[in-house]
Amino acid sequence: DLLQAQADPRRRVEHAFVETIYASVSPYHRPSGGTRETVERLTADVLRATYQRTLRPSRATLVIGGDLRGLDVDGIAERLFGRWGDAGSGGATGAVGSIVDTGTSVGRLVRVIHRPGSVQTEIRVGHRGLPRRIDDFHAVSVMSAILGGLFNSRLNMKLREEKGYTYGAGAGFDMRRGAGPFSARAAVNTEVTVPAITDMLAARSRMRDVPVEEGELGAARPFLIGVVPPGLGTARAVGGAPGRV
């Protein structure tokens, strides 16, 4: 799969993007699935050691969602998991360390990856972004929707509807425990690569310099509010929803 990714322009540019904007000391610098070199070095002993180090009850949370009326949920959990202990841990809690999210400091950089035969150009414009736990998370979410999260976002209306460069363009923050990446994204016809990049940079600058119009705000807020109920429509969705326990 990792070798096939080299022939996939979208995956290839995503890997190049994160290794460009993050320093090599950060895990965000590397693809989450590893590289050919790191995967080839894995052995059964490495996997066992990783299992013992990470999959421990002291670091686990049990979340149960569904129609639980008449059920002794605490009793069921105790019967099934009560004897599950951190064997061999020596009392260690397995506390999670901090994430190194250091970005590179190269300033504005243009990186070109040549892939002969490609009929489109995959473009990423961005930088190290923001962590999830920020006070203005909701304001950032609305701003991202206006810039590139809706069909009628500024980016999509410019690159798709007005210019016809692409089937779709978007932008947004990938918020994580550390500062995840921000990117504007599009796959465009090769011959319009430069003007598309120019328009993407202009849209980002306009987001910073030009006040949001009431019509844009009136589209983004109801959309973000409206997608919440469908996203919690099943017990599985409720149980998997992010939250603080």
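**Entry 1: a helix on the sheet.** I started with α8, which lies across β1 and β3. Its direction is about 30° to β1. I note here that the model is predicted. Next I looked up α6, which lies across β2 and β3. That helix runs at about 165° to β2.

**Entry 2: the sheet.** In what order do the three strands stand? I read β1-β3-β2, in an open sheet with antiparallel pairing. β1 and β2 are at the edges, and each has a single partner strand, so one side of each has no neighbour in the sheet.

**Entry 3: the pairings.** I took the strand pairs one by one. β1 and β3 are joined over nine bridges, in the antiparallel sense. Along this pair I found Glu122 opposite Ala187 of β3. I also found Gly126 opposite Ser183 of β3. β2 and β3 pair over five bridges, again in the antiparallel sense. There I noted Ala169 opposite Ala186 of β3.

**Entry 4: β3 itself.** Is β3 largely enclosed or largely open? I counted by burial, with under 20% relative accessible area as the cut-off. Seven of the nine residues of β3 are buried, so the strand is largely enclosed by the rest of the structure.

**Entry 5: two helices together.** I went back to the helices and looked at how α6 packs with α8. α6 covers residues 137-149 and α8 covers residues 193-209. They pack at an angle of about 145°, and their axes are 11 Å apart. The crossing is right-handed. From α6, the contact uses Met143, Ile146 and Leu147. From α8, it uses Ala203, Arg204 and Met207. I sorted these residues by type: five are nonpolar, none is polar and one is charged.

**Entry 6: the largest core.** I reminded myself that in soluble globular proteins, nonpolar side chains tend to be buried together. The largest nonpolar core here has 22 residues. Which residues have the most contacts inside it? I wrote down Leu147, Leu155, Leu159, Val188 and Met200. The elements that give two or more residues to this core are β1 (120-128), α6, α7 (154-162), β2 (169-173), β3 (181-189) and α8.

**Entry 7: Leu159.** I picked Leu159 from that list and looked up its contacts, leaving aside neighbours within four places in sequence. Leu159 is in contact with Gly164, Tyr165, Thr166 and Ala169, among others. The list also includes Ala186, Ala196, Asp199 and Met200.

**Entry 8: the second core.** I then found a second, separate core of five residues. Among them are Phe17, Val18, Ile21 and Tyr28.

**Entry 9: Phe17.** I ended with Phe17, which sits in helix α2 (residues 9-21). Is Phe17 buried or exposed? Its relative accessibility is 9%, so Phe17 counts as buried. What does Phe17 touch, not counting residues up to four places away in sequence? I listed Arg124, Val125, Gly126 and His127, together with Pro181, Phe182 and Ser183. Last, I checked Phe17 against Phe223, 206 residues apart along the chain. Their C-alpha atoms are separated by 29 Å.

Key
Residues numbered from 1 in each chain as written. Predicted model: local features only at pLDDT ≥ 70, side-chain atom pairs only at ≥ 80, totals over all residues. Heavy atoms only, no water. Axes fitted to C-alpha atoms, helices over the stretch in contact; angles between N-to-C directions. Helix = DSSP H or I, 4+ residues; strand = E, 2+ residues; numbered from the N terminus. Left-handed = near helix turned anticlockwise from the far one by under 90°. Contact = heavy atoms within 4.5 Å. Nonpolar A, V, L, I, M, F, W, Y, C, P; charged D, E, K, R; others polar. Core = buried A, V, L, I, M, F, W, Y, C linked by side-chain atoms within 4.5 Å. Buried < 20%, exposed > 50% of the residue type's maximum accessible area, 1.4 Å probe, protein only. Pairing = 2+ DSSP bridges.
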